[in-house]
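Subject: Handing over a structure

Dear colleague,

I am passing the structure below on to you, and after it come some notes on what was found. Please read the notes with the sequence and the coordinates open beside you.

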Amino acid sequence: MGSTPVVAPEKTREDVLIEEQGFDDHFHDHHHGDKFQSNFITKYVFSMDHKIIAKQFLITGMFWALIGAGMSIVFRLQLGFPEENFAWLRPLLGNWIMVDAEGIGTLDPQFYYALVTMHGTILVFFVLTAGLSGTFSNLLIPLQLGARDMASPLLNMLSYWFFFLSGSIMFASLFLSTGPFSGGWTAYPPLSALPQASTGSGAGMTMWTVSLVFFVVSVLLGGINYITTVLNLRTKGMTMWRMPLTIWAFFVTAIIGLLSFPVLASGFFLMMCDRGLGTSFYLSEIFVGGEALDYVGGSPILYQHLFWFLGHPEVYIIILPAMGLVSEVLSVHARKPIFGYKAMVFSILAIAFLSFIVWAHHMFMSGVNPWISNFFVLFTLIIAVPSAVKVFNWITTVYRGNLRFNSASLFAVGFVSMFISGGLTGLFLGNSAIDIQLHDTYFVVAHFHIVMGIAAFFGMFAGIYNWFPKMYGRFMNETLGKIHFWGTLIGAYAIFWPMHYLGLAGVPRRYYRFDTFDAFSHFGAMNKFITVAAVVVFALQVLFVINFFYSIWKGKKVTTRNPWGATTLEWTTPINPGHGNWPGKIPTVTRWAYDYGKDGKEFVSQVEPLAEGELTDGEGAHH
Amino acid sequence: MVALSDKKTVGRSKIHPLKFLLIISCASIMMLFAGLTSAYIVRRAGGNWLEFRLPNLFFINTVVILMSSVALQAAYHYFKIGKEKLYKGLLFSAFILGLLFIILQYQGWLDMHAIGVELTGNPAGSFVYVISGVHVAHILAGLAALTVALVQAFSLKYTVTPRRKLRFELTLIYWHFVGFLWLYLLTFFVIQS
């Protein structure tokens, strides 16, 4: 991938500064770094270099994104064209397409549920958790903090390989003759806890659970590393209040993950006991096929509590890294300091805190005491406050800036648009009274797809377009990037905007077809429209993937160290940094990350010493 | 690779990164048990709950695991000040006490079984089995670390290097953690019943 360390073509001012004032950690005196990258296997496969691990997370995430989105295309085809002949999908889906005597193929309803379930699981965990936070935390934490690598490169490598193992198990479950798990990505009991509940509840569910337990291990190994690196391995002068917002976001994300994923693991563990050992944690007085089972005294709601105690923070595990990336990208490309840096940090912290005390808003309709629901409504709605602070600050950052319209900044602006659109519907759903009508309808589908699906993807795209030069030493194609952006922006709204209407009309999610219901059959045309839009958007993502891989080898080469004119440390490394990131000393930092448009200079790198009497860290911002 | 996170490369950090990393891993394990014990509280509040007396062995065992913790702490002390014999002996006894803990836990489960509290019956019993079982799994991980420490203690020439000291400290932190974790779990069960 062309990342052989290249001798710097030019000696920049940053090089001189690092040489004069950098911190000499004698890293290059011992050759321990190179020992671990001596051949192809240790360099690209079992790599301990955070930059390679970041690429591994990204490319694996893209693989899963294509599978997960491809699944959504299949079930959208079913919803948009329920009468159509799907026999042509047989080469791909095999027996899941049932072909009748006349040769007309229909999608197996059981498999429809499996597709919906897998789509959710894959996108939430494999793409938007591992693919997003895994990629950018790995890439940026050491680079932006001036560290050689993560605190424990070994655990970091294991984090990726546990993710890989988890993904392999999930992938294998797609090929079971009984199909993968089909009880919804939330895996509520009894569909998940009883192996005989449905065809996917047997081997499919077993593999689903084992896969996700390995996934939890992966997230925790990554998370403890991110936290330790941020707290312990910052370079000299890099105080917490000088960290870029990306790092704040990854740091807080890792803390949330560390506190919530173990709880999910405990929920899965009790589930495994119910499935394998015959305990009754979640199961109670159940009849299957007219036969009473042995389970007594369990509570399915208990699982919901444990699941959503992770499940809600998980939403912020997905969106906070995107917020961090967007903050950085907007500031760099608007050539302005981020507006309200400290407010941004405090709102991240506030969101993180609140994310732990709102989980039952997913359970308003599960029989939770309405009095207790009041508190969950209150805290849920309060999340709008720090979220609005962030939105205000992003808009104000762009306001009167010299915004460069490139793929990265467009996606960052698109993120803000999506976050507003999707966030506002959260206010409807957070209300327990309105939720009676909207629960489990397409309104919910529209809400979370916009606010944490599309928005998180936009943040991720902004990050990829912006840091691709750092990852591969080349640029992605701008024209294709802009087509990708405008098409996806319009297409995503075309998919999800109409769903709000469906939801308000009470159309339930997860149904196999609607044309057989009098109440919903008149939405046929709308469903067709959504499906067509989904196919177009999917095609645009394929275009993005082509652009990505084409640019790795054939993209325009990066010729200067700091193509965006950014202040942060990753742009002081060589164009293709080797292991250890900096060829000599590590940079020391004298100012915050957002000195843009200051004292007549377009930007001032974090390694540039303060002039006499100069204010920084945002202190001079209001003068 | 350890050199990447050596103290000297960091310059100003006070705690070794790997030690810090272990401590937050412990926090994460704590959340696993917080999840399990809060599930216990929620389920118990739902009624249909079997009340029973915890086996006496669970209480005796608390002494065993805490003694093991003390033994390891003492072993660390003598390791540092160069009393090789005491260090090895105490390390070995910490290991044996840990092993004894697992055997006695198993005996405790048999006692619960004997009074008719089954794994698959009322969730009140299932919770105790499962929570103490998951705890034993964490003790086993600690024993694995102690095994490594023992093998090194008896196979390597005795010297106090920063690397070995760090390794000992990591084992020590984890072993104390799982010991006190049991104390927490037992206290939790007692308060709840």
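Is Arg167(B) buried, exposed or partly exposed? With 16 other C-beta atoms within 10 Å, Arg167(B) is partly exposed, where a residue is called buried if 20 or more other C-beta atoms lie within 10 Å of its own, exposed if 12 or fewer, and partly exposed in between, with C-beta atoms placed from the backbone. Arg167(B) belongs to helix 6 (residues 162-192) of chain B, and its C-alpha atom is 13 Å from that of Val151(B), a residue 16 positions apart from it in sequence.

Some conventions are needed before going on. This is a predicted model, in which local features need pLDDT of at least 70 and side-chain atom pairs count only at pLDDT 80 or more, whereas totals for chains, interfaces and linings use all residues. Residues are numbered from 1 along each chain as its sequence is written, while chains are lettered from A and ligands numbered from 1 in the order in which they are written.

On confidence, the model scores ipTM 0.89 and pTM 0.93. The pLDDT, which is the predictor's confidence in each residue from 0 to 100, has a mean of 90 in chain B, where 93% of the residues reach 70 or more. Within chain B, confidence is highest in helix 4 (residues 84-114), at a mean of 96, and lowest in helix 1 (residues 7-10), at 42. The pLDDT is below 50 over residues 1-12 of chain B, although this stretch has 25 contacts in the model beyond near neighbours in sequence; two residues are in contact if their C-beta atoms, placed from the backbone, lie within 7 Å. Where pLDDT is low, the predicted coordinates should not be read in detail.

Turning to chain A as a whole, there are 18 helices and six strands, helices being DSSP runs of H or I of at least four residues and strands runs of E of at least two, numbered from the N terminus. The radius of gyration of chain A, 25 Å, is close to the 25 Å that the globule rule gives for 623 residues, so the chain is as compact as a globular protein of that length; the radius is taken over C-alpha atoms, and the rule is 2.2 Å times the number of residues to the power 0.38. The C-alpha trace of chain A spans about 80 × 50 × 50 Å along its principal axes, and 57% of the 623 residues count as buried. Of the contacts in chain A between residues at least 6 apart in sequence, 79% join residues at least 24 apart.

Where the chains meet, 43 residues of chain A are in contact with 34 residues of chain B. Two or more residues on the chain A side come from each of helix 7 (153-173), helix 8 (203-232), helix 9 (245-277) and helix 10 (300-334), and helix 9 gives the most, with 11 residues.

Helix 9 of chain A deserves a separate look. Its end C-alpha atoms are 47 Å apart, which agrees with the 48 Å that its 33 residues should span at 1.5 Å a residue, the expected span being 1.5 Å times one less than the number of residues. Of those 33 residues, 30 are buried, so helix 9 is largely enclosed by the rest of the structure. Just after helix 9, Gly278(A) takes a positive phi of about 85 degrees.

In helix 10 of chain A lies Leu320(A), which counts as buried because it has 27 C-beta neighbours inside 10 Å. Leaving aside residues up to four places away in sequence, Leu320(A) touches Ala249(A), Val252(A), Thr253(A) and Ile348(A).

Finally, some backbone details. Most residues other than glycine have a negative phi, and most peptide bonds are trans. The peptide bond from Pro189(A) to Pro190(A), however, is cis, with omega near 10 degrees, and Pro190(A) is placed in the loop between helix 7 and helix 8 of chain A. Asn581(A), which is not a glycine, has a positive phi of about 70 degrees and is buried, with 24 other C-beta atoms within 10 Å. Asp599(A) also has a positive phi, near 50 degrees, but counts as exposed, with 10 C-beta neighbours inside 10 Å; Asp599(A) is found in the loop between strand 5 and strand 6 (601-603) of chain A.

With best wishes
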